[in-house]
Amino acid sequence: MTYTPNDKDRATVEAMVSYGIPHEDIGKVIGIDDKSMRKYYRHEIDTASAKANSQVAQRLYKKCMNDDT
């Protein structure tokens with residue numbers, strides 16, 4: 001069976017990585033093994049946490065700038 005990544009699975013992987021879900025479990029959710037998940041979704045794995053942290057920091061910064069602390 002040949003696996004082809006799609007946008008829905010990319011979004012799922014990115015979200016689950018940013019929530020701290022183990023790679024093995026993410027692979028089970030999208031129906032591939034851990035090795036394939038790392039092969040096809042390397043970019044999402046490598047960038048998801050930084051993107052999530054950036055979004056949280058941005059929201060906190062905006063709240064602080066609006067005296068909403």
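Among contacts between residues at least 6 apart in the sequence of this protein, 53% join residues at least 24 apart. Keep in mind that this is a predicted model.

Now the elements. The protein has four helices and zero strands. Going along the sequence, the pattern reads α-α-α-α.

Next, the overall form. The C-alpha trace spans about 55 × 20 × 15 Å along its principal axes. As for burial, 23% of the 69 residues are buried.

Now one pair of helices. Two packed helices are described by the angle between their axes and the distance between those axes. Here the pair is α1, residues 7–18, and α2, residues 23–30. Their axes come within 10 Å and cross at roughly 150 degrees. How are α1 and α2 oriented to each other, parallel or antiparallel? An angle over 145 degrees counts as roughly antiparallel, and α1 and α2 are therefore roughly antiparallel to each other. The crossing of α1 and α2 is right-handed.

Which residues meet there? On the α1 side they are Asp-9, Thr-12, Val-13, Met-16 and Val-17. On the α2 side they are Ile-26, Val-29 and Ile-30. Sorted by type, the residues of this contact are six nonpolar, one polar and one charged. You can find each of them in the structure above.

Terms used:
Residues are numbered from 1 along each chain as its sequence is written. This is a predicted model: local features need pLDDT of at least 70, side-chain atom pairs count only at pLDDT 80 or more; totals for chains, interfaces and linings use all residues. Side-chain values use heavy atoms; hydrogens and water are left out. Axes are lines fitted to C-alpha atoms, for helices over the stretch in contact, and angles run from 0 to 180 degrees between N-to-C directions. Helices (H or I, at least four residues) and strands (E, at least two) are DSSP runs, numbered from the N terminus. Angles under 35 degrees count as roughly parallel, over 145 as roughly antiparallel, 65 to 115 as roughly perpendicular and the rest as oblique. A crossing is left-handed if the near helix is turned anticlockwise from the far one by less than a right angle, and right-handed if clockwise. Contact means heavy atoms within 4.5 Å. Ala, Val, Leu, Ile, Met, Phe, Trp, Tyr, Cys and Pro count as nonpolar, Asp, Glu, Lys and Arg as charged, and the others, Gly among them, as polar. Buried means under 20% relative accessible area, exposed over 50%, partly exposed in between (1.4 Å probe, protein chains only).
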